[in-house]
Structure formats: C-alpha cells, structure tokens
Amino acid sequence: VMQNHLLHLLCLIAMEKPASISPDDIRDEKVKVLKCMQPITTDEVVLGQYVGNPEGEGEQRLGFREDPGCPPDSRQCTYASAVCWVRNERWDGVPFILKCGKALNERKAEIRIQFR
C-alpha cells in the first residue's frame with residue numbers, strides 16, 4: 001500500500017500545477033516530485049506486526065501469526081510508518097508522514113501535512 005497508493009497521493013499533493021490536465025502533464029509533475037524526494041532512512045521508518053488481544057473477542061484475540069494462512073514464525077510487516085522529505089522550494093523542511101497497516105483499531109484513510 002505505501003509504495004504504491006500512498007506515494008501516488010503524496011505526489012498528487014506535492015506536485016506543482018500541471019500545464020494541462022492531460023495524463024502526460026500530470027505524470028511529468030509527479031515525476032518531478034519523486035526526483036526531489038530525499039531517500040528514506042531507517043531512522044525515519046517504523047515497522048511492526050500486529051498481535052492479538054487476549055481479552056478481545058472473536059478475531060481481536062488473534063495476532064497475525066495466529067492466522068491460519070500465516071507461518072507461525074513469520075516476520076512479515078503489517079504496519080509501516082515513514083517520514084518522507086520533498087526537497088524543493090515549496091516543500092523543503094516539511095515532513096510527509098505516511099502510515100499504513102492491517103488490522104488497526106479503526107479503518108481510515110487520511111492525509112496529514114505537518115507544517116513548521
């Protein structure tokens with residue numbers, strides 16, 4: 001989800017106004033954003049895997065590794081958070097915080113930009 005949908009949304013938010021609404025012009029502006037992105041470092045990433053709640057009910061009791069289709073020793077991440085930086089005149093110094101996960105307490109899609 002993060003490497004696809006969230007980066008696509010980040011590009012749509014951070015891009016400059018395209019010359020027209022043609023797909024090529026929009027793509028060109030999104031590519032400019034990607035070229036300005038600073039590589040993500042491990043210091044700015046949080047990865048995790050959900051665990052079950054012994055006091056929960058039904059599926060809440062089960063963690064990722066208790067899922068019937070999952071190996072019990074799986075290290076597959078089910079949550080990721082990353083801070084992205086777009087190094088251009090408009091967005092320099094503004095963090096884009098991307099978060100996604102599976103089996104979270106609430107289902108939501110949100111874009112949050114934190115200005116200094």
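User: Are Trp 91 and Phe 96 buried or exposed?

Analyst: Trp 91 and Phe 96 are both buried; buried stands for under 20% relative accessible area, exposed for over 50%, and partly exposed for what lies in between (1.4 Å probe, protein chains only). The model is predicted, so local features need pLDDT of at least 70 and side-chain atom pairs pLDDT 80 or more, while totals for chains, interfaces and linings use all residues. Residues are numbered from 1 along each chain as its sequence is written, and side-chain values use heavy atoms, without hydrogens and water.

User: How many aromatic pairs are there?

Analyst: Rings of Phe, Tyr and Trp (its six-membered ring) pair if their centres lie within 6.5 Å; planes under 30 degrees apart are stacked, over 60 edge-to-face, and the rest tilted. Here the count is one. Trp 91 and Phe 96 make an edge-to-face pair, 5.2 Å centre to centre with 65 degrees between the planes.

User: Which residues have the most contacts inside the largest nonpolar core?

Analyst: A nonpolar core is a set of buried Ala, Val, Leu, Ile, Met, Phe, Trp, Tyr and Cys residues joined through side-chain atoms within 4.5 Å. The largest one has 15 residues, and Leu 10, Ala 14, Val 33, Cys 84, Val 86, Trp 91 and Phe 96 have the most contacts inside it. Helix 1 (2-14), strand 2 (79-85) and strand 3 (95-101) each give two or more residues to this core. Helix 1 supplies the largest share, four residues. Helices (H or I, at least four residues) and strands (E, at least two) are DSSP runs, numbered from the N terminus.

User: What does Val 33 touch?

Analyst: Contact means heavy atoms within 4.5 Å. Leaving out residues up to four places away in sequence, Val 33 touches Leu 10, Cys 11, Ala 14, Met 15 and Val 86.
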